[in-house]
Amino acid sequence: MTQFSIVVPTLNESENIDLLLTRLFALDFNPDSFEVIFVDDGSTDGTPDKIRVWEEKTNVRLIERRKKPDLTASILAGVAAAKSNIIVVMDADLSHPPERLAAIVTPVINGSYDIAIGSRYVAGGSTENWPLHRQLLSRLGSCIARPICDVNDVTSGFFAFRRELATSISNHAHGYKILFELLMANHGKIRVIEIPICFHDRTHGTSKLSFAHQRAYIHRLLTLAGGTVTLNTAGRFAVVGLLGVFVDAIIFQWMINNDAGLAFAHFVSFFVAVTTNYALNSKWSFREYHAGNLQWYRFSRFLTVGALALLMRGGVLALLVYVWHVPTYLAIFPAILATAIINYLGSAFYVFPDEKNPPSQEIRWRTAAVGIVAFVIALRLVYFGLAQLIPDEAYYWQYAQHMALSFYDHPPMVAWLIWLGTSTLGHNEFGVRIGAILCSLIAMGYLYALAQNLYDKSTAIRTLLLVAIFPFAFASGLLMTPDAPLVAAWAAALYYLERALIAGQRIAWLGMGIAFGLGLLSKYTLGLLGIAALVFVIIDPVARRWLLRPHPYLAALLALLLFSPVIIWNYQNDWASFAFQSNRVLADEYRFSVHYLIAHIIILLTPVGFLAAAIALFSVIKPKPENQLSERRRQLFIQVFSGVPLLIFFIISTFDAPRFHWTGPIWLAILPTIAWMIGQSNHLSTFTKRVMAGWRFTIIASVFIYAFVLHYVALGIPGIPYQFFTEHYFWRETAAEIERIAADVKNQSGIDPIIVGMSKWSVASALSFYTHNHAKLDIRARNMFGGSGAMYEFWLPSQIPSNRPIIQVGMKPRHLETVKIDQQGIDIKETLIQPGPIEYRVVERYGTPVRRIYYRISQGFKGASLSTPSR
């Protein structure tokens, strides 16, 4: 009885036939238990003759195809002719070791798995004597399929499967990777195992792999992901796009020549071109995938994609013109190219998707997640060096100019990252923020692994989507503040805690100790995870055993060792930082702020995210009977590591006001559960399903808002004046205005003035950053007059009397009048010599008024009459 059939496609493999069959029939199988079916695609080297010799004396058959050579078609022809319900596919060139046949076919024969794959890319697998470029191509081919396919070696040609699975393969399948077609056609319905093999390069004959095969593979990959990406649609889209480029460029250049302004010109030219393109694409480019008539819902989708492309294009244009100083008539073309790529992929997957053979809902979510995450990362990379620093970032840049073991109001990690970034990329926005970009990528990696451990790969991919669109995560991945390394360390700590407490891995405590220590070096808030971990260990009987083992205590010791720079600095400075943080929490003034806490959370998570987090945190999901214990422990893990920190902030908010962004990281633990709920069509209440239905709009709206705001601050939006962020932004232009004021004062007095930023640290820091490259200004903070100045009290303490001119700079007139000392307002004029009136200047950006800056010039300083508050 034939237990399994081996299908071997051939094309000019005559030198390998005898060797292959000899090794196959030498295996420890009854010769009658399997058959070998060769499917020849028109060999011209005598391959069929070689096979016929074996056909006469063994269980070997030959099928000769007369159609165009196609590996998928050949294998399907062999499957159709097979006598067995178990099929094995392998190459004829001996690259697949016949000796591994038993290991691959046995799991399918005994019913343990539906597909068994001979894999090069699992533990124990390898390749030998393969050229480097072939190895890279193979790795790349498997990697680009990973988002939608849960197999490491999707391009393997050595695998076994149940015959009936082949009936689900699409009639449009073609190319040389039938395994991929088989896996995607049965996605979510089959059990798959990968068996390690050693892949050997062929010794006889030549490879049949060509550029056409690679192109066909990519086409099928994109098609199976739900896109209408074909040579026909791409070619037509390119023709329409070229027409759009012509229209776009002509209108853009005409408007630039007529002084329309960069932002207005690129907006108008884009909208004229995109409207023209939609009409042509709908009627021609993608007509084979829909009726061809203009539809409003498609047009609204096209406008959505177009708007995102436009906002990305603005960043590319501004980067080229303002940073790299490329002429506008040349810069428009790379900007148009970026737009074309976004428009085409958005059109193929979102505006005109494949509705005749749509992928599953799970695959559509995966594809959407990959596209949106890629867009958000690209958005950050384009704009992170364009958008000016906010004062907080400039203050932390000042940290890096005064490197120390720690600082008064924050641990040192943010300073260390900025120092590394500016040492590499220079003292600019790129150098300051590169650390935030890297931290966000680290956080995404750990959260992906955490979600995959808690749930599955689809949930992990959706978790990345949530990380990309949640406001707190987007901001921490763009702005270089202590929250950037904190989020990365928090995500890492959660991953290692899950591995230690749920999976029981002892080595995970080492990672936990490192992550916890680095997190404390970022922000003291990470200590809340330590409290949550203790609560979990006490509650969970399985995890309670760690209380009697040394691993968690060694992890705590390692974290303390990493945290030691902060302890040393505090010891040297009378415990100033610890006292400051304690006073922030235990303030004397009573303020009930629970309502503010809730409002802040809604903003940080979006309204839909807030409701989803509440459902995930407080609802009890009924576990499946077969794994009740593991699911209950998983749910407990999520609720404890989100709920305990939230409870602490709730308690604090009953008597004090937590800062707006403090609760951001505590939601990282619950993201995998929210992502899991998004993918569920059953087992959810009606209310929960309605909340989950709101994610589509929330995702699109969030990405649009981020792109809109970045475009607004970097390039402006035509018709929308600069009336937002005026007090905390446009410091580059403001610094230039202050430089002119300082130059005028020096010309009149002959003495370099002292410039005093009349805020705790923001004005002085922003002016310092944007003048450090081209002006040597003496810039101080308001602590010069005796008020609080945070780290400026250490860098530039309160000053003795001076006859140098004093220029006070503030965001509002009242900031120049008084300074608070011990909650009492002190008139600053009493400490100044011949103080002048408060004046202002209108700051302009490319000829457009953006803000006012207020200043007062005095002839000297009498000295701080009152002592500085205790540190």
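Ser142 touches Tyr121, Asn152, Asp153, Val154, Thr155 and Tyr217, leaving aside residues up to four places away in sequence. Contact here means heavy atoms within 4.5 Å. Ser142 belongs to helix H5 (residues 132-145). Its relative accessible area is 3%, so Ser142 is buried. Buried means under 20% relative accessible area, exposed means over 50%, and partly exposed lies in between (1.4 Å probe, protein chains only).

The model is predicted: local features need pLDDT of at least 70, side-chain atom pairs count only at pLDDT 80 or more, and totals for chains, interfaces and linings use all residues. Residues are numbered from 1 along each chain as its sequence is written, and side-chain values use heavy atoms, with hydrogens and water left out.

The chain has 31 helices and 18 strands. Helices (H or I, at least four residues) and strands (E, at least two) are DSSP runs, numbered from the N terminus. Along the principal axes, the C-alpha atoms fill a box of roughly 115 × 75 × 55 Å. Of the 871 residues in the chain, 54% are buried. Contacts between residues at least 6 apart in sequence were also examined; 76% of them join residues at least 24 apart. The chain exposes about 37,500 Å², and carbon and sulfur atoms supply 61% of this area. Accessible areas come from the Shrake-Rupley method with a 1.4 Å probe; for residues, only the protein chains shown count as cover.

Val247 touches Val272 and Ala273, not counting residues up to four places away in sequence. Val247 and Val272 are 25 residues apart in sequence, and their C-alpha atoms are 7.7 Å apart.

Helix H13 (residues 391-401) is mostly covered, with nine of its eleven residues buried. The buried residues of H13 include Tyr395, Tyr396, Trp397 and Tyr399. Packing partners of the buried H13 residues are helix H14 (413-425), helix H15 (429-454), helix H29 (731-749), helix H30 (762-769) and helix H31 (792-795). Tyr395, Tyr396 and Tyr399 also belong to one aromatic cluster, together with Phe407, Trp761, Tyr792 and Trp795.

The structure holds 44 aromatic pairs. The ring centres of Phe29 and Phe34 are 6.1 Å apart and the planes meet at 70°, so this pair is edge-to-face. Phe29 and Phe34 are both buried. Tyr729 and Phe730 are also edge-to-face, because their ring centres lie 4.8 Å apart with planes at 70°. Tyr729 and Phe730 are buried. Rings of Phe, Tyr and Trp (its six-membered ring) pair if their centres lie within 6.5 Å; planes under 30 degrees apart count as stacked, over 60 as edge-to-face and the rest as tilted.

Charges also sit over rings. Arg120 lies over the face of Phe199, 5.2 Å from the ring centre. The charged end of Arg301 is over the ring of Tyr350, at 4.5 Å from its centre. The criterion is NZ of Lys or CZ of Arg within 6 Å of the ring centre and within 35 degrees of the ring normal.

A search of the whole structure finds 30 salt bridges. Each is a side-chain nitrogen of Lys or Arg within 4 Å of a carboxyl oxygen of Asp or Glu. Arg23 and Glu99 meet in one of them (2.8 Å, N to O). This pair links distant parts of the chain, 76 residues apart: Arg23 is in helix H1 (residues 14-25), and Glu99 is in the loop between strand S4 (86-89) and helix H4 (101-109). Arg23 is partly exposed at 31% relative accessible area, and Glu99 is partly exposed at 45%.

Arg366 bridges to Asp150, with the closest N and O atoms 2.7 Å apart. These partners are 216 residues apart, Arg366 in helix H12 (residues 361-383) and Asp150 in the loop between H5 and strand S7 (159-162). Arg366 is buried, at 1% relative accessible area, whereas Asp150 is partly exposed, at 41%.

Glu631 and Arg634 form a salt bridge (3.8 Å, N to O). Both lie in helix H25 (residues 628-653), three residues apart, about one turn of the helix. Glu631 is buried at 14% relative accessible area, and Arg634 is buried at 18%. Elsewhere, salt bridges that share partners join Asp49, Arg52, Glu64 and Arg66 into one network.
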